[in-house]
Amino acid sequence: MRAALVPIAVAAFTLAAPQTAPPRFEPVQPELFAAGGTFVNAWADYDLDGAPDLFVGFNGTANRLYRNDAGAFVDVADAAGLADARATRAAAWGDMDADGDPDLLVGFTPGNAAAGPTSVLRLYRNDPVPGGKARRFTDVTTAAGLEVLAGAVRQPAWIDVDGDDDLDLFVAFRDRANVLFRNDGGRFVNIAQDVGLADSRRSVGALWFDMDEDGDLDLYVANMDGDANALFRNDGGKFVDVAEAAGAAWAGRTPKDATNGTVRPCAADVDADGRFDLFGANYGRNGLLRNAGGGRFEDLSAAWGVDIDARYDTCAFADVDHDGRVDLYVNGTVTGGVQYRDYLLLNRGARFSDATPGNVQALAADHGASWADFDRDGDLDLALTGAQPAGMHSLLRNMLPPAEAGRSVRVRVLDAQGRATRAGAEVRVYAAGTRRLVGAGLVDSGSGYDAQNDLPVHIGLAAAGAVDIEVIFPRAGRRDATRLTGVRPGPASGAVSVRLSPR
């Protein structure tokens, strides 16, 4: 029996949020997004037209890149050079060469290439086609030093680990030691063993954030088959696993149970106290770990009503209804002939409650789940995948009424040159002229199922009116803040770009 829900007093939620109707979603171009056998989905504006585009990785049929043409999608993967017909398990967008457009790393399963051993990682550089607006992706894997001939690829992430203003690459593996490639002028060198990240536990998900607010990016790794999760504290460029001492080793699941594991960790400010909490989408009970500060986490899974004992692939946070509270989508898996149901959980201030629409629950979804405002109306829409042959990769439009959809801001965090997105940067939004926190989010460093998006941070607002924005990027032991004041919310203003100061 589930433990009783216990209300938790959180000062930031003492103001009543507006009451909205239950969430509604409608399918977008269902004939286009009908095919099953899909695992991973990841968003980025690859053609720089201001609209997010969607990459979908398939299980052996050609991958797809959906170009967003003013809210209507067309598959351009073949023309763009991304239509690999290899079983795909991972995808991460990031501007690895800092030229202003997002490049794509794709992770494949081993042993299914037609012409012998082939790298399970493939790095595609995003290049403009001369004489027009089209884009084509060039395979630069070998030149970049990223050939890996074996391994079950899971979470990749583009992050600036060492604070030298270029993007490094972390990759988690299910069956071998994890890797960290340092970017040395466009060529990548694996330094995982040197810095303490060559962890050989059975890893799937991972995310980077400054968990102890000491000015550098730490790493949380989700492990399977009874292995404890890792929380690698960054100590001046060397990493130490402090998961057990921090209260983060199990993310709500049963310790040392070989049938349990964490597939996807997610981070969000669930209780609106300004710190980023952890959620574990688990085989076993799901878990919510409140960030208590000082590098410590408190298990509040039962109190918040998320300790559902089942099998889950994905968690994805978003303020779905723009009440100023971050909500949660949890994507069930298919295993042993059982499809575990999905949940859309609305944040009520001290607990989550099930608000899954019937048409969403009816989908044969698993693995991939991601949020993006594809139609740029101000609210977040939902993209799902389904790994079964009879599955799908649906795109669902959020039908939030226009007045409520417009209560949001989008913040794009860029480097000092205004180019590459800085994963792990923290965005906090305050009521204008005050320090009253009204929303917070992280630049994506790993999300969905083994994916990384390159999107603005989306903050839903409980009330209309101007806001102040603060962005912090932890690097080299510093937490420098960049602030904008008097920003007006709403989709008409587009994304707010924030450049980080030079080192």
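**A pocket and its charged surroundings**

The lining of the second largest pocket is made up of seven nonpolar residues, no polar ones and seven charged ones, where Ala, Val, Leu, Ile, Met, Phe, Trp, Tyr, Cys and Pro count as nonpolar, Asp, Glu, Lys and Arg as charged, and the others, Gly among them, as polar. The model is a predicted one, in which local features need pLDDT of at least 70 and side-chain atom pairs count only at pLDDT 80 or more, while totals for chains, interfaces and linings use all residues. Residues are numbered from 1 along each chain as its sequence is written, and side-chain values use heavy atoms, with hydrogens and water left out.

The second largest pocket holds about 220 Å³ of space, and of the 14 residues that line it, Y46, R67, K133, A134 and R135 are the closest to its centre. A pocket here is an open set of points on a 1 Å grid over the protein atoms alone, where a 1.4 Å probe fits, with protein on both sides within 12 Å along at least five of seven lines, and lining residues have an atom within 4 Å of a point; the volume is the space filled by probe spheres set on the points, which are joined across faces, edges and corners. At least two lining residues come from each of β4 (64-69), α1 (77-80) and β9 (135-139), helices (H or I, at least four residues) and strands (E, at least two) being DSSP runs numbered from the N terminus.

The structure holds 29 salt bridges, each a side-chain nitrogen of Lys or Arg within 4 Å of a carboxyl oxygen of Asp or Glu. In one of them, E470 pairs with R483, with the closest N and O atoms 2.7 Å apart. Because E470 lies in strand β36 (residues 467-475) and R483 in strand β37 (residues 478-487), the pair ties together parts that are 13 residues apart in sequence. E470 is buried at 5% relative accessibility, whereas R483 is exposed at 52%; buried means under 20% relative accessible area, exposed over 50%, and partly exposed in between (1.4 Å probe, protein chains only). Salt bridges also link D210, E213, E426, R428 and R479 in a network.

S445 lies in the loop between β33 (437-442) and β34 (451-452) and, at 4% relative accessibility, counts as buried. Its side chain reaches the backbone nitrogen of W208 at 2.9 Å. Leaving aside residues up to four places away in sequence, S445 touches A157, I159, A206, L207, W208, A423, G424 and Q452, contact meaning heavy atoms within 4.5 Å.

Notes
A polar contact is a pair of N or O atoms within 3.5 Å; within protein, one must be able to donate a hydrogen and the other to accept it, and residues adjacent in sequence count only if both atoms are side-chain atoms.
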